[in-house]
Amino acid sequence: MGRKIIPIGPYHPLQDEPEFFKLHVDGETVVDIDIELGYNHRLVEKIAESKNFDQVAFMVERICGICSTSHPFAYVNAIDDLLGVKAPERALYIRTAIGELERIHSHLLWLGLAGHFLGYNTVWMWAWRYREPVLDIFERVAGNRQNYGMMKPGGVRRDLYEEDFPWIKKTLRDLIPKIDMFKGAVMDDPVIRARTEGVGVLTKEDCREYCVVGPTARASGVNIDIRRDDPYAAYDKVEWKVCTHEGGDVFGKAVVRILELYESINIVIQCLDKMPKGPIDSGIKDIPPGEGIGRHEAPRGEVVHYIMADGGNSPARHKIRAPSFMNVASNKKAVIGETISDATIILAAVDPCYCCTERMTVVDYKTGKKMMDGQDLIRLSREKTERLRNR
Amino acid sequence: MLKYLFNFIVFPGFLFTVIVGLLACWIDRKVTARIQWRAGPPWYQPFIDIVKLSIKEITVPRAGSKGLFFLSPLIGLSAVTLVSTLVWLVNIDPASKGFSGDVIVIVYLLTLPAIAVMLGASASANPLASLGASREMKMVLAYELPFVICLTVPIIKSHGLLRLSDIINYQAVNGSFAASLSGIIAFIVMIFCMQAKLGLVPFDASEAETEIMAGTYIEYSGMLLAIFKITKTMLMVTLPLFLITLFWQGFNFLSLWKYVIILVVIILIRNTNPRVRIDQAVRFFWGKMTLMAILAVLLAVKGF
């Protein structure tokens, strides 16, 4: 068989989001891959400039459905950085607990999807069933299963009630045996190991070159984690450890995520135990001119928000970099040389979230030529920043 | 003549096997759903699925080869119908029916559905379908080897009987082959081959939904897809029956539990495994399964 193009996307049962991977295949072997994103660009950064600081927290929450608190978390961190003050102690603990609860449900969701991509629908359904209690916790504390709306510049929007704590802790502890079961199912199942071990290996050097973040990097033995390297919220006040794996393959990524589930449960329970009494909101009135950078270790890796304020009611510039933006590109390294069957699980193993990642390209539609390349856009962006500075 | 036509079309051939197959399909879906904490469909769901598919429009790919595209579902369907008629008739009345060498004919006919799928996929001129077809071809090459080797076990054990009814009668006198060591090994290997023949997880690489979007069936719609589905459901009845006939003293309406047991085994295998890659499947069948099959034959020759 000669070289063919196998399209994965823009609409494909592999992922629910619009994305396009052009696999150039020779027989069953992938020889090249084109990653084309941009089907769902929503001008989020531009919209942020027309919203006030409180509204932006809600707006960025809707960037991603799965890690819906990661973006607001990074955003409020950026505001805290801009102001140079920390939110009240209790708010920090609540933020941490919410962030970790989200990691639990997001990793369980990925585990289920990974099973589905391998054709193992039982794992899919079971993982999603055991994700339900976590969503129940969210429903109890925030009123929503997704999009909790807990983050707020200078604090949190809602308090956690002490009378809920025993129930939350019990629900999480009940989750541990189930995760043990998944751990056994993944680590001991010979067929799963055959499908995932040594597949889509990303070496340490590859990770550095592609600036891969999050569990994808940690599975390759790169020991990075923003929660430990640049502590924010209450992460420096609780005991936990960073989980790494040396394999770099799909199996390693699954193992890292499963181990992180235990750590996250541990962190949430500690947060609930140590949570001090006090206010949850510092009552920020206005945002002075300045710049702030907020980072948060989202379930998929480090998410960065940059806020530039000019003393007005809304951000003058809001820059977002989602973790999938770094991780999806690393597929180029991981997929080439593998078979099509493996390509799908490798593409999914970085836990991609395309809506966070969408970027824009300006193309002349008559000739199909790109009007602007990356350098042009960077130049434009710098010029704009310069304009804002001089305003 | 009319009697044979009735046998072929209504009972126990096409119509009857389809109804039983769709019920088996419902059991499969229901048990799968219960394993996966879902509610599952009502018993008539597979029937209305087929009805709905039948009244949908058939789209034909412009670049495809139209004659083959329409013909290949029918090839598969007619082959399975013939097999089901033969196997049912032999089991209902072991004394009279069948002809010498019908075991061999059935083995050939059972490969036709897979070949029909390949033909149809190649005729649809879709890169994903051709990928699915090439996987299907590899899969056929992989599972046919242990399947045929295992087939010799009942023949050896019955001292060279090549007629299904004779094999049933021999087992009725001398006990089922599955009770012997060689018989049970061959039976287990056959169950794995059957899983691959049915195209179920873990051997569903040719129609892997999340990889190549139903692969071989990607261009099929409406009635033609319904015929492929019907072929699959008929196989789901015919293959276990064929196995029971060969190894387990045959089948009558009182021994429904034999079929249910095999069905449950199929469902359990399908729900406790991820999809294997095509090269892993080939290695599995040509390695472990073929070795076990040869072992079973050697044991059968030695009389175990």
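**Close-up views of a predicted two-chain model**

View 1. The model is predicted: local features require pLDDT of at least 70 and side-chain atom pairs pLDDT 80 or more, whereas totals for chains, interfaces and linings use all residues. Residues are numbered from 1 along each chain as its sequence is written, and chains are lettered from A and ligands numbered from 1 in the order in which they are written. Helices (DSSP H or I, at least four residues) and strands (E, at least two) are numbered from the N terminus. A:Ile79 counts as buried because it has 26 C-beta neighbours inside 10 Å; the criterion for buried is 20 or more other C-beta atoms within 10 Å, with 12 or fewer for exposed and partly exposed in between, C-beta atoms being placed from the backbone. Beyond its neighbours within four places in sequence, A:Ile79 is in contact with A:Phe53, A:Pro153, A:Ile287, A:Gly292 and A:Ile307 (contact: C-beta atoms, placed from the backbone, within 7 Å).

**View 2. The open, three-stranded antiparallel sheet of chain A, in the order S6-S7-S8.** Its edge strands, each pairing on one side only, are S6 (290-298) and S8 (317-321). Strands pair if DSSP finds at least two bridges between them. On average, neighbouring strands are turned by 10° against each other, direction ignored. S6(A) and S7(A) (residues 301-309) run antiparallel and are joined by nine bridges; A:Arg295 stands opposite A:Val304 in S7(A). Helix H3 (residues 70-83) of chain A lies across S6, S7 and S8, at about 145° to S6(A). Axes are lines fitted to C-alpha atoms, for helices over the stretch in contact, and angles run from 0 to 180 degrees between N-to-C directions.

**View 3. Packing of helices H2 (residues 14-35) and H3 (residues 45-54) of chain B.** Their axes are 8 Å apart, at an angle of about 115°. H2(B) contributes B:Leu22, B:Cys25 and B:Trp26 to the contact, and H3(B) contributes B:Gln45, B:Pro46, B:Phe47 and B:Ile50.

**View 4. The side of chain B that touches chain A, where 26 residues of chain B are in contact with 25 residues of chain A.** Helices H6 (127-157), H9 (209-212) and H12 (278-302) of chain B are the elements that each give two or more residues to this side. H9(B) provides the largest share, four residues.

Note on methods. Two residues are in contact if their C-beta atoms, placed from the backbone, lie within 7 Å.
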